[in-house]
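Student: I would like to go through the labels on this model one by one. Please tell me what stands behind each.

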Amino acid sequence: MENSEGVKIESTVVTEEPLISALDIALFVVIITVAYFWYFKRDKQSSSSEKKPYTIQPSSLSSIEQTSNSSFIKKLKSTGRSLVVFYGSQTGTAEEFAGRIAKEGARYKMKGMVADPEECDMADLVEMKEIQKSLAIFCIATYGEGDPTDNAMDFYEWLQNGDADLEGLNYAVFGLGNKTYEHYNEIAIYIDQRLEELGATRVHEIGLGDDDANIEDDFVSWKEKLWESVCSHYGIEETGEESNIRQYKLVDCSEVLPERIFSGEISRLKSYENQRFPFDVKNPYLSKIAVNRELHKSGDRSCMHIEFDIDGSKMRYDTGDHVAVYPKNSSELVDIIGELLNADLDAVFSLLNTDEESSKKHPFPCPCTYRTALTYYLDITSNPRTHIMKELIEYASDPKDQEKLKLMASSTPEGKQEFHEWILRDNRNIVHILEDLPSVKPDLDHLCELLPRLQCRYYSISSSPKVYPKSIHITAVLVNYTTSTNRVNKGVATNLLAQLIPTNDELPQPTIPIYIRRSQFRLPPKSQTPIIMIGPGTGLAPFRGFIQERDYARKEGREIGEMVLYFGCRKKDEDFIYENELQEYVANGTLTKLHLAFSRDQPEKKYVTHLLEQNADELWNIIGEKSGHLYVCGDARSMAKDVHSIIVKVVMEKGQMTNSQALNYVKKMEQQKRYSADVWS
């Protein structure tokens with residue numbers, strides 16, 4: 001007990017006894033001795049544990065297991081394989097392509113495995129030369145503005161920063177990209193070149209898939225030539241054996257307890273009932289819909305303003321980020337599949353990987369019911385790829401249906417044409433195919449194995465966390481269109497969102513799983529930096545957040561720079577979204593200028609690009625003379641390209657530069673993050 005009396009006693013003792021007694025010295029020596037032996041014994045144990053891991057502690061066992069699992073070389077050697085196919089995938093397509101290549105390896109006496117680089121020690125690539133006739137193939141997507149996918153980021157950085165000797169490594173690369181984006185297949189091209197620089201041998205030239213055209217056609221054409229190169233390089237021949245071998249086997253789970261059955265969770269069982277922070281792609285947050293209102297004033301189209309409640313979730317976002325929404329398929333389409341295949345959709349099943357060494361035990365969370373799989377886990381509304389046509393052939397009892405499927409599965413010009421017209425042009429999904437080819441009755445478990453995973457949908461966040469820290473806003477156009485077969489195709493996510501209308505407080509509010517994806521689409525660090533924003537239609541979404549943030553700063557008394565917005569829509573009285581908000585920001589001085597283009601309010605169509613050309617002086621004043629920032633959001637295929645061309649032209653004319661100088665100027669703007677694009681095709 002510390003008090004004034006205690007201090008007096010201590011003071012008296014000090015004056016009556018020596019500063020350090022013999023007993024104090026003895027105790028000090030004992031403490032030092034014990035500490036010395038404890039430290040060096042611990043150090044010795046630590047050193048020995050590096051040589052021989054503990055085998056009695058669960059944590060050490062876990063560590064050993066992780067090391068073993070990350071060594072793909074050990075798996076190749078222990079299972080007699082020589083082919084490994086790595087994938088860098090954001091939406092699942094690259095992973096699907098990797099699986100198809102590994103599966104086909106059997107036809108060339110190359111037993112293969114699929115590997116996620118994020119789960120592997122990629123430094124083991126130096127040991128590939130120890131395996132006879134080995135081959136590493138990389139199916140790599142380029143994501144965002146020339147970025148690696150999340151699961152390929154570590155591998156990409158390892159290649160950038162390392163100098164491993166990869167002599168003896170045989171490889172091939174297929175890239176997945178989109179030509180409407182500036183950094184088309186940039187990551188795949190880099191990996192292909194970097195592997196060669198490190199001494200690896202390219203067995204086949206890089207393939208570049210374009211998702212804006214027909215990436216399936218690009219992949220199939222490249223794959224066929226790949227195997228020709230493989231046969232030539234290794235002196236082997238195709239066995240001629242078909243590779244239609246099931247990757248997963250069906251397991252009856254009718255006896256599984258209800259609490260062990262997945263019901264739509266992305267990864268962790270019962271994760272929606274027992275929510276745990278942090279929330280991410282594998283653990284989304286079940287958010288309440290706080291607001292869902294129509295933005296269009298009239299017309300036959302719909303645009304929704306939706307607010308997700310994140311209060312209490314600990315989720316944080318920055319202006320310009322994206323929110324990922326996990327949709328579910330229409331129950332109507334799911335029921336049609338059940339009826340067409342005469343299947344019990346409520347039967348509980350599991351698909352178990354026949355490859356016991358694979359780290360991917362199931363194609364989606366299992367066990368679950370067929371209804372759950374078709375509703376939450378499988379994509380039943382997109383156009384199926386050609387390999388699905390091939391797998392369906394054996395289930396067709398009508399020779400005409402068989403021949404049609406064989407034709408579309410082939411790589412002949414006639415087959416490609418038929419696939420393009422019947423599947424892509426007519427926008428048929430798996431439901432339509434089963435309806436139009438009535439003799440095709442695949443086993444439902446096999447169909448579940450073949451269909452790709454249902455992916456989350458990303459939306460630009462149209463709010464600022466400074467103003468709305470407890471909610472996330474999005475701006476989404478309802479997708480509905482009629483195909484050439486007179487069917488109405490509906491957007492999976494937007495049609496689900498359209499049904500989630502908040503009710504009064506007495507009833508449970510509708511919910512949907514979400515998580516936040518970080519973006520590089522950012523306001524300048526200094527609030528006084530002038531900016532130009534170009535966002536027609538729902539391209540306005542992130543700029544609504546930008547304007548809110550600058551308005552917040554202005555109200556705090558901080559100086560804000562010029563804010564110029566270019567917005568366009570069809571008709572002022574129909575689809576001028578957030579009109580009142582924007583006019584208010586103009587009135588209070590936050591928004592310096594608002595340039596509007598209503599394309600169908602006059603005989604000749606008028607777009608934001610026309611306004612940009614007319615305001616060349618203002619444009620150069622901000623990006624050239626004042627070193628301001630320029631932002632583009634919206635359609636990548638035409639609008640963003642046209643804007644880029646106009647910017648280059650203005651820099652040439654107003655900056656008095658040659659075409660080459662202007663291109664370099666704009667390129668430097670991009671590198672400095674002064675020219676940013678958040679676009680989609």
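Student: What makes the span of helix 22 close to the expected one?

Tutor: This is a predicted model. Helix 22 covers residues 639–654, 16 residues in total. From its first C-alpha to its last it reaches 22 Å. At 1.5 Å a residue, 22 Å is expected.

Student: Which residues of helix 22 are buried, and what covers them?

Tutor: The buried ones are M639, A640, V643, I646, I647, V648, V650 and V651. Their cover includes strand 19, helix 20, helix 21, strand 22, helix 23 and strand 23.

Student: Why is V608 called buried?

Tutor: Its relative accessibility is 4%. Buried means under 20%, so V608 counts as buried. V608 sits in helix 20, residues 608–614. Beyond four places in sequence, V608 touches I534, P536, Y566, F567, G568 and A597.

Student: How do you know whether T609 is buried or exposed?

Tutor: T609 has 13% relative accessibility. The cut-off for buried is under 20%, so T609 counts as buried. T609 also belongs to helix 20. Setting aside neighbours within four places, T609 contacts M639, D642, V643 and I646.

Student: Why is helix 9 called oblique to helix 10?

Tutor: Their axes come within 10 Å and cross at roughly 135 degrees. That angle makes helix 9 oblique to helix 10, because roughly antiparallel needs over 145 degrees and roughly perpendicular spans 65 to 115. The crossing is right-handed. V334, D335 and I337 of helix 9 meet R371, L374 and T375 of helix 10.

Student: What makes N342 exposed?

Tutor: N342 has 73% relative accessibility. Exposed means over 50%, so N342 counts as exposed. N342 lies in the loop between helix 9 and strand 12. Its phi is near 50 degrees, a positive value in a residue other than glycine. Most residues other than glycine have a negative phi.

Student: Why is K673 called partly exposed?

Tutor: K673 stands at 45% relative accessibility. Buried is under 20% and exposed is over 50%, so K673 counts as partly exposed. K673 is in the loop between helix 23 and strand 23. Phi of K673 is positive too, near 60 degrees.

Student: Which residues does a cis peptide bond with omega of about 5 degrees join?

Tutor: F277 and P278. P278 lies in the loop between strand 8 and strand 9. Another cis bond joins C366 and P367, with omega about 0 degrees.

How values were computed: Residues numbered from 1 in each chain as written. Predicted model: local features only at pLDDT ≥ 70, side-chain atom pairs only at ≥ 80, totals over all residues. Heavy atoms only, no water. Helix = DSSP H or I, 4+ residues; strand = E, 2+ residues; numbered from the N terminus. Buried < 20%, exposed > 50% of the residue type's maximum accessible area, 1.4 Å probe, protein only. Contact = heavy atoms within 4.5 Å. Expected span 1.5 Å × (residues − 1). Axes fitted to C-alpha atoms, helices over the stretch in contact; angles between N-to-C directions. Parallel < 35°, antiparallel > 145°, perpendicular 65-115°, else oblique. Left-handed = near helix turned anticlockwise from the far one by under 90°.
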